[in-house]
Amino acid sequence: MTQETVDNPQVKKEKDKTATRFVWRRKHLLGLQDLSRRELVHILDTAAGFQEISQRSVKKAPALRGKVVVNLFFEDSTRTRNSFTLAAQRLSADVLEFTAKTSSVSKGETLRDTARNLEAMGIDIVVIRHSSGGATHLLSKCIDACIVNAGDGYHEHPTQGLLDIFTMRELRGDLTGLKVAIVGDIAHSRVARSNIWGLHTLGAQVYLVAPPTLMPSGVRELPVQVSHDFDEIIGQMDVLNMLRVQFERIGSSVFPSTLEYSRMFGLTVERMKRAKKDVIVMHPGPINRGLEIESEVADGPNSTVLRQVSNGMAVRMAVLFLVNQAAAAEKKKSRRVNG
């Protein structure tokens, strides 16, 4: 293509029209690994559009009016559950809260039967958190409702990955070449995996920093660089995403002591002096203050912890809106084909 063709206004117009024709077609969001760059950008752009709703005096939009969203949580959650609840309510959906401890699951009912019984009540979207990796994929094959993964085992936590990426993009724009360190308990982190896949697809350089005992098996097959020395790489990083040490998932001692872990891998005030002045400090929460990150850093000017929570609302609104949109298009197409 010649420069003259590129500069031709009509060619540019047609190119812009083509660029806006992208249509989201996935009725489920199960992870970020299989999403294309265009799909990721579309979610992020849609989320940016929903941010404005949170600033209105009346924080409502009619996009999911008449729809029912069920929060199907088999693990404890505060931030994610509440964020999805508010996101659905702001889109005018009805929300059904499910807690495994007070349900028929405690009597031995299977995930499949639980979901099918809920579907019989007329639900449209299932937001599920489960301790088993792949539970969301299983559910997507059992029922017709849209499935949104709110964390499955050690597999993925796509909306947390998206809100982290959204925050980075909001602060830095294009992520190509951005150096992001994910630090801490990577072995047990579904957040880390979603960040890895999403950031890699968008062109960022991902570094995993942890003791060998907290690195996942098969880490060398991931599109990342691995380091066991935080001090060696900290000065090069644009983003430091500090992960919670998940003591509830750790079966045996993986480091000598919490003091030793903090000394080697904690983000301390002293360690921050070796980082870039404008480095972005992130944490998915909840924070073990004094272990993964010192309070002065968590509450400091480089921290985006609360900004991530706020951005999570817009991201989850976007996801709920898009999967519902795809489901509606699928039903419309099916009716047309079946006459």
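Visitor: How far apart do the C-alpha centres of domain 1 and domain 2 lie?
Guide: They lie 26 Å apart. One thing to keep in mind: this is a predicted model.

Visitor: How many residues does each domain bring to the contact?
Guide: Domain 1 gives 35 residues, and domain 2 gives 29.

Visitor: And where are the two domains in the chain?
Guide: Domain 1 covers 24-157 + 311-327. Domain 2 covers 158-305.

Visitor: Okay, the whole chain now. How many helices and strands?
Guide: The chain has 13 helices and nine strands. Its radius of gyration is 21 Å, close to the 20 Å that the globule rule gives for 339 residues, so the chain is as compact as a globular protein of that length.

Visitor: What box do the C-alpha atoms fill?
Guide: Roughly 70 × 65 × 45 Å, along the principal axes.

Visitor: What share of the residues is buried?
Guide: Buried residues make up 50% of the 339.

Visitor: And the surface, how much of that belongs to carbon and sulfur atoms?
Guide: The accessible surface is about 16,300 Å², and carbon and sulfur atoms hold 50% of it.

Visitor: Let's zoom in. Is strand 6 mostly covered or uncovered?
Guide: Mostly covered. Strand 6 is residues 205-209, and four of its five residues are buried.

Visitor: Which strands pair with strand 6?
Guide: Strand 5, residues 179-183, pairs with strand 6 in the parallel sense over five bridges. Strand 7, residues 225-227, also pairs with strand 6 in the parallel sense, over three bridges.

Visitor: What does Leu208 sit across from?
Guide: Leu208 is the bridge partner of Ile182. In strand 7, Leu208 stands opposite Val226.

Visitor: Where do side chains point in a strand?
Guide: In a regular strand, they alternate between the two faces of the sheet.

Visitor: What unit do strand 5, helix 8 and strand 6 make?
Guide: A right-handed β-α-β unit. Helix 8 is residues 190-201.

Visitor: Now Asn195. Where is that one?
Guide: Asn195 is in helix 8.

Visitor: Why does Asn195 count as buried?
Guide: Because its relative accessibility is 0%, and buried means under 20%.

Visitor: What does Asn195 touch?
Guide: Leaving out residues up to four places away in sequence, its contacts include Gly161, Asp164, Ile165 and Met168. Ile182, His200 and Asn241 are also among them. Ile182 is the residue that bridges to Leu208 in strand 6.

Definitions and conventions
Residues numbered from 1 in each chain as written. Predicted model: local features only at pLDDT ≥ 70, side-chain atom pairs only at ≥ 80, totals over all residues. Heavy atoms only, no water. Buried < 20%, exposed > 50% of the residue type's maximum accessible area, 1.4 Å probe, protein only. Helix = DSSP H or I, 4+ residues; strand = E, 2+ residues; numbered from the N terminus. Pairing = 2+ DSSP bridges. Right-handed = clockwise from strand over helix to strand, strands pointing away. Contact = heavy atoms within 4.5 Å. Rg over C-alpha atoms; globule rule 2.2 N^0.38 Å. Areas by Shrake-Rupley, 256 points an atom, 1.4 Å probe, with all protein chains shown as cover. Domains from an automatic or database assignment.
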